[in-house]
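Please open the structure in a viewer and keep the selection tool ready.

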Amino acid sequence: MLFPPVSEADSVVKVAEWQQTYYASDSGIQSGATTVRDDDCSTDYSGSKKYPASTNATIPPPDLDAQYSLTRAQRVRAAMFPETLVEGEAAMPVQSDPSQQSNVQRLAEPSQLLKTAIVHLINYQDDAELATRAVPELTKLLGDDDPVVVNKAAMIVNQLTRKEASRRVLVQSPAMVGAVVRAMTTAVDMETARCAASVLHSLSHQREGLMAIFKSGGIPALVRMLSSPVESVLFYAITTLHNLLLHQEGAKMAVRLADGLQRMVPLLKKSNPKFLAITTDCLQLLSYGNQESKLIILANGGPEGLVFIMRNYNYEKLLWTTSRVLKVLSVCPSNKPAIVESGGMQALGQHLTGSSQRLIQNCLWTLRNLSDAATKQEGLDGLLQILVTQLGSDDVNMLTCATGILSNLTCNNSRNKTLVTQYGGVEALIHAVLRAGEKEDVAEPAVCALRHLTSRHQDAELAQNAVRLHYGIPAIVKLLGQPHYWPVVKATVGLIRNLALCPTNQASLREAGAIPRLVNLLLKSHQDTQRHASSAQQTYQDGVRMEEIVEGCTGALHILARDPINRGEIANMQTIPLFVQLLYSYVENVKRVSAGVLCELALDKQSAELIDAEGASAPLMELLHSNNEGIATYAAAVLFRISEDKSSDYRKRVSVELTHSLFKHDPNAWDMAHTAVPLEPSYLADELDGSYPAYGYADLPLDTMPLDPDLHETYIPDMTYDPRQAYPEPL
């Protein structure tokens with residue numbers, strides 16, 4: 001197909017029409033300009049324009065023709081390498097929405113990042129080369145005899161440590177680090193000492209720096225700086241030592257040998273909370289697992305200073321680090337009473353209701369360790385109330401601590417017993433026992449606390465009734481079952497004995513099955529003691545002597561036998577032969593409780609005959625002469641009861657024995673024995689509460705949580721440090 005010929009004039013008209021239709025751009029038909037199709041499907045043409053530095057420029061170029069005459073390659077070059085543009089020329093904005101990046105701009109970002117990285121690398125290399133050249137000369141200058149020269153050199157080295165590259169070069173020069181340490185030690189002016197300490201502080205943030213400081217003898221020098229009157233030097237010294245203690249092997253022993261503890265403890269009198277937080281953490285790192293360090297802290301007044309901080313500050317990091325030191329010291333027999341006498345129990349109790357769980361947990365562990373030395377402390381009313389509240393916690397650690405503290409604080413302290421009873425402690429402890437299940441760490445101290453609350457104070461009977469009213473008796477009796485964890489069993493047996501002192505509880509204890517369980521435990525423990533009778537050593541299980549279980553079970557059965565129904569049930573379980581056998585025990589308390597239970601059982605004529613038939617008269621006659629008044633009294637009562645149906649000669653012989661016994665000096669005991677009345681519970685002194693042991697570990701598990709990173713950084717003084725700077729007083 002043939003096209004009609006087109007004249008030159010017509011072609012010019014066509015081009016003009018095309019330009020009007022397609023954005024007033026050159027078609028290239030007449031000019032021969034090349035065209036390039038861009039990503040946005042627009043048509044651009046080559047030109048000689050260059051882009052400015054900014055890829056987001058929105059200043060419109062004055063000439064519309066010039067705007068669109070740039071090629072895509074030129075725009076990309078302008079975006080990635082804006083420095084190639086001629087100054088004053090602007091790049092065309094290629095995005096329709098100025099708030100969104102164009103494709104070209106997005107492509108430019110990685111290249112800009114790469115460029116920046118290259119610049120940093122070049123600068124890093126420059127810093128490293130500069131430091132490498134300067135280190136030998138600066139090392140010499142730091143050892144100069146002129147203090148002014150040393151000062152200037154220290155300032156320059158301090159500036160070099162601000163750059164990472166030069167800092168790494170310094171770290172790799174043992175001679176330089178040694179020179180800095182010597183300059184700090186021999187400095188005659190505070191500014192030189194401050195710059196040198198700052199250098200070591202900067203180097204201590206790298207493991208290589210720590211090693212270099214350690215090998216250069218930096219630790220003794222830093223310890224000496226702890227006596228500096230300049231606050232910034234103190235800070236640099238303590239934080240550098242802290243970094244060494246945390247990360248450098250051998251640093252702890254080096255600090256101890258340099259008398260670091262003797263210089264650190266007095267720093268507890270400073271008032272800056274962040275400085276104190278670092279200082280107390282150093283004390284904790286040095287004292288953990290080291291008894292000598294704990295004694296040094298004690299000798300320098302550490303407990304008083306630490307308790308003062310707990311009482312007067314509210315900066316959480318400081319309270320946490322201080323509580324960690326107190327937790328470590330609380331397992332030291334020497335530090336424990338010192339902390340208690342300084343008011344440590346009250347000060348730690350202040351922080352049990354705060355929002356910091358780690359602080360609460362540390363305070364609780366510390367209180368638990370201190371509590372066995374604080375049974376005579378006064379002013380613990382608020383603490384006791386908080387602890388009763390915390391018995392409702394679902395946190396096992398909190399429950400373990402709260403029950404342990406309450407157990408110790410109620411041991412042989414009638415006022416604390418009364419307070420805890422009035423605060424609802426009985427009900428809370430029963431619920432703790434129910435929730436504890438098989439967790440002995442909770443069950444044992446909870447039962448011990450209940451045992452204390454149910455004896456020897458003005459509200460003891462109230463507490464005994466409260467156990468029954470809050471449905472605690474079945475749960476408590478259940479603890480006597482298998483498998484036996486003997487510390488829990490021992491505490492439970494003692495609690496059951498106390499509960500039986502309340503006549504209203506006798507039926508509930510019987511219905512819960514207390515009597516057969518006690519008898520089974522008695523038989524088992526007695527068999528264990530008999531098996532080991534040939535050896536001189538006593539029988540222990542889980543740290544409990546089996547003789548204690550024999551004594552406890554017999555004593556509980558003695559009190560239960562005051563109830564006529566219980567008395568018959570005990571006798572029917574063939575227990576009388578065993579009780580008679582126990583009269584021969586080498587343990588005096590076992591003799592006392594066995595004579596006591598026989599005294600109750602002998603009230604029934606049938607049981608009295610069984611006692612006599614088992615040959616009890618001979619050992620009972622011997623026990624009449626016992627120096628223990630209780631044993632002799634019980635023995636006399638049993639003898640009178642079993643002799644009632646005997647011949648007059650037998651009764652006369654018993655009377656003669658009594659006359660020649662110690663009872664002739666005690667008319668009351670004589671009358672009770674002669675009239676065969678049940679002994680009053682108050683006549684014989686009740687045994688003391690058993691103290692619940694504090695943790696016997698050499699040291700509690702250490703918190704692995706490091707100090708917060710910002711603890712150091714937020715307190716680093718600037719180079720323009722003002723020694724007159726005022727620090728906040730404790731809140």
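**First stop: a buried threonine**

Select threonine 161, which has a relative accessibility of 1% and therefore counts as buried, the cut-off for that class being under 20%. The model shown is a predicted one. Threonine 161 belongs to the loop that joins helix 5 (147-160) to helix 6 (164-171). Which residues is threonine 161 in contact with, once its neighbours within four places in sequence are left aside? Display Arg167, Leu170, Val199, Ser202 and Leu203 to see these partners.

**Second stop: helix 14**

Next, select residues 273-287, which form helix 14. The helix has 15 residues, and the distance from its first C-alpha to its last is 21 Å, close to the 21 Å expected at 1.5 Å a residue. Is helix 14 largely enclosed or largely open? Because 14 of its 15 residues are buried, helix 14 is largely enclosed by the rest of the structure.

The charged end of arginine 324 sits over the tryptophan 320 ring, 4.7 Å from the ring centre. Arginine 358 also lies over the face of tryptophan 320, at 3.8 Å from the ring centre. As for pairs of aromatic rings, the structure holds 1.

Most residues other than glycine have a negative phi. With that in mind, select aspartate 259, a residue other than glycine whose phi is positive, near 60°. Aspartate 259 is placed in the loop between helix 12 (251-257) and helix 13 (260-264). Its relative accessible area is 40%, so aspartate 259 is partly exposed.

Finally, go to tyrosine 471, where phi is again positive, near 60°, in a residue other than glycine. The loop that holds tyrosine 471 runs between helix 26 (460-469) and helix 27 (473-478). Is tyrosine 471 buried or exposed? With a relative accessibility of 68%, tyrosine 471 counts as exposed, since that class begins over 50%.

Key. Residues numbered from 1 in each chain as written. Predicted model: local features only at pLDDT ≥ 70, side-chain atom pairs only at ≥ 80, totals over all residues. Heavy atoms only, no water. Helix = DSSP H or I, 4+ residues; strand = E, 2+ residues; numbered from the N terminus. Expected span 1.5 Å × (residues − 1). Buried < 20%, exposed > 50% of the residue type's maximum accessible area, 1.4 Å probe, protein only. Phe/Tyr/Trp six-rings, centres within 6.5 Å; stacked < 30°, edge-to-face > 60°. Lys NZ or Arg CZ within 6 Å of the ring centre and 35° of its normal. Contact = heavy atoms within 4.5 Å.
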